[in-house]
Amino acid sequence: MDRVELLKQQAGIEACNFVSSGMKVGLGTGSTVKYTVVELGRRIAEEGLQIVGVPTSLATEQLANKVGIPLIRLSECSHLDIVIDGADEFDSEFNLIKG
């Protein structure tokens, strides 16, 4: 795994530290968030984490299903407790741009 991919993996897994049981979690899309989705699936299976996910794409939905994350549609919930997605670009002051 190259350095950039390793950093993406670390960031994706670290984001899971903000997730706790009972949350409704927005699951973004992309090369970093895939590591988040896989880690959340692991925590569900191994640690008993109880969450529901709301995927932002078909790819994320398919991965979440594969790793055992229960899913709901955004229209089925009144709010999301957290949304995890990658940053497309940011500046030196951490102003974020999402595509």
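## Report on a predicted model

Phe90 and Phe94 are both exposed, where exposed means over 50% relative accessible area, buried under 20%, and partly exposed in between (1.4 Å probe, protein chains only). This is a predicted model, in which local features need pLDDT of at least 70, side-chain atom pairs count only at pLDDT 80 or more, and totals for chains, interfaces and linings use all residues. Residues are numbered from 1 along each chain as its sequence is written, and side-chain values use heavy atoms, with hydrogens and water left out.

The structure holds one aromatic pair. Phe90 and Phe94 form this pair, which is stacked, at 5.6 Å centre to centre and 15° between the planes. Rings of Phe, Tyr and Trp (its six-membered ring) pair if their centres lie within 6.5 Å; planes under 30 degrees apart count as stacked, over 60 as edge-to-face and the rest as tilted.

Three strands form an open sheet in the order 2-1-3, with parallel pairing. Strand 2 (52–55) and strand 3 are the edge strands, each with a single partner strand, so one side of each has no neighbour in the sheet. Strands here are DSSP runs (E, at least two residues) and helices are runs of H or I of at least four residues, both numbered from the N terminus. Two strands pair if DSSP finds at least two bridges between them; strand 1 and strand 2 pair over four bridges. Lys24 stands opposite Val52 in strand 2.

The largest nonpolar core has 16 residues, and Val19, Val25, Leu27, Leu40, Ile51 and Ile69 have the most contacts inside it. Strand 1 (24–27), helix 2 (33–47) and strand 3 (82–84) each supply at least two of its residues, and helix 2 gives the most, with four. Such a core is a set of buried Ala, Val, Leu, Ile, Met, Phe, Trp, Tyr and Cys residues joined through side-chain atoms within 4.5 Å. Leaving aside neighbours within four places in sequence, Ile51 is in contact (heavy atoms within 4.5 Å) with residues including Val19, Val25, Leu40 and Ile69.

Thr60 lies in helix 3 (residues 58–67) and is buried, with a relative accessible area of 6%.

The structure holds zero disulfides, a disulfide being a pair of cysteine sulfur atoms within 2.5 Å. Two cysteines are listed below.

| Cysteine | Relative accessibility | Closest cysteine sulfur |
|---|---|---|
| Cys16 | 1%, buried | 19 Å, in Cys77 |
| Cys77 | 14%, buried | 19 Å, in Cys16 |

The sulfur of Cys16 is too far from that of Cys77 for a bond.
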